Amino acid sequence: IGSMATPRSFFDELRAAGIGVLEFNPVNPLSGNEKAWRLNNRDHRKLLVADGRLALVGGRNLSHEYYAGFDEVPLTATSDWRVLPWLDAGLRARGPVVADLQRAFLDAWTEVGGAGFEITTPPPEGNSAARIVLHRGLCDANTLESYLELIASATSHVYVVNGFPLALELQHALLAARERGVRVRALFGHVTPMHGGQPFDGSWSTARTAATELVHSRLDPLVEAGAEVYLFAQRDVAGWSPALGVVHPHVHAKTLSIDGARCSVGSANLDITASYWES
């Protein structure tokens with residue numbers, strides 16, 4: 001799935017065109033940089049830096065489901081679940097924070113054998129404060145600790161958008177927020193998209209439907225504690241068969257908003273995998 005299913009010839013074409021391509025933590029530890037290889041660790045970041053002045057960061061990978069609009073894809077009950085766009089979120093950044101993001105790329109790039117390059121810090125733009133939180137696999141738990149701190153600081157409300165099973169630490173933090181009287185709102189989806197209560201067919205559909213049950217089970221205690229939990233839904237979209245009824249797409253965004261004063265946008269889900277194993 002994903003890059004594992006991409007033929008090597010594709011990357012060879014990129015290299016032939018003058019594009020630098022390196023492997024991070026290859027599946028076969030003997031095929032790349034053995035010194036940097038780690039079990040069960042992948043670079044989950046989605047980062048683009050252009051000219052050292054503009055950065056894009058968020059949940060979107062380089063695939064059609066992350067960039068197509070819901071009304072851009074014809075949909076029927078026989079459509080494969082992979083054609084349905086996902087709900088995602090990203091951040092466009094300018095200013096000094098771009099240099100921090102570029103250094104994050106540089107560290108990963110040189111670790112697997114890439115050549116170093118100079119980074120220039122761009123001047124400030126706008127008046128928003130930004131902080132980059134970097135998480136390095138099993139080396140730390142920076143994203144988990146950041147999420148816990150954000151939730152613990154809430155005095156008015158917490159808004160969560162996530163599509164994967166809540167890590168129990170984060171579930172407990174949200175329950176503690178409810179005990180303090182904080183309003184908790186959460187938006188989730190279906191790992192296998194649904195139509196009229198039925199899953200769309202396609203590869204791994206059955207397994208992903210089972211995963212959806214785990215995702216939703218982590219929300220039950222929040223509902224019992226008075227949190228407002230919503231499942232993302234679409235209906236009557238142009239180009240979609242009317243027979244579909246209500247459609248529940250996959251939610252791939254990872255955002256957290258605290259009291260309308262602070263928010264996080266990035267590639268770290270609020271699950272155990274992102275909390276510990278992924279960079």
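Q: Why is Phe10 called partly exposed?
A: The relative accessible area of Phe10 is 42%. Buried means under 20%, exposed means over 50%, and partly exposed lies in between, with a 1.4 Å probe and protein chains only. Phe10 therefore counts as partly exposed. This is a predicted model, in which local features need pLDDT of at least 70, side-chain atom pairs count only at pLDDT 80 or more, and totals for chains, interfaces and linings use all residues. Residues are numbered from 1 along each chain as its sequence is written, and side-chain values use heavy atoms, with hydrogens and water left out.

Q: What makes the pair of Phe10 and Phe11 edge-to-face?
A: A pair of aromatic rings is described by the distance of the centres and the angle of the planes. Rings of Phe, Tyr and Trp (its six-membered ring) pair if their centres lie within 6.5 Å; planes under 30 degrees apart count as stacked, over 60 as edge-to-face and the rest as tilted. For Phe10 and Phe11 the centres are 5.4 Å apart and the planes stand at 80°, so the pair is edge-to-face. Phe11, at 24% relative accessibility, counts as partly exposed.

Q: Why is the pair of Trp81 and Trp86 called stacked?
A: The ring centres of Trp81 and Trp86 are 6.5 Å apart and their planes are at 10°, so the pair is stacked. Both Trp81 and Trp86 are buried. Together with Tyr66 they form one aromatic cluster. The structure holds seven aromatic pairs.

Q: What makes α3 and α4 roughly parallel?
A: Helices (H or I, at least four residues) and strands (E, at least two) are DSSP runs, numbered from the N terminus. The axes of α3 (residues 142-153) and α4 (residues 168-179) come within 9 Å and cross at roughly 10°. Axes are lines fitted to C-alpha atoms, for helices over the stretch in contact, and angles run from 0 to 180 degrees between N-to-C directions. Angles under 35 degrees count as roughly parallel, over 145 as roughly antiparallel, 65 to 115 as roughly perpendicular and the rest as oblique. The two helices, α3 and α4, are therefore roughly parallel to each other.

Q: Which residues of α3 and α4 make the contact?
A: Contact means heavy atoms within 4.5 Å. On α3 the residues are Leu144, Tyr147, Leu148 and Ile151, and on α4 they are Glu169, Leu170, Ala173, Leu174 and Ala177.

Q: How do you know that Cys139 is exposed?
A: Its relative accessibility is 59%, so Cys139 counts as exposed. Cys263 is also exposed, with a relative accessible area of 59%. A disulfide is a pair of cysteine sulfur atoms within 2.5 Å, and the structure holds zero disulfides.

Q: What makes Trp204 exposed?
A: The relative accessibility of Trp204 is 57%, so it counts as exposed. Trp204 lies in the loop between β7 (198-199) and α5 (205-217). Its phi is positive, about 65°, although it is not a glycine.

Q: Why is Asp259 called partly exposed?
A: Asp259 has a relative accessible area of 24% and is therefore partly exposed. Asp259 is found in the loop between β10 (255-258) and β11 (262-265). Its phi is near 55°, a positive value in a residue other than glycine.
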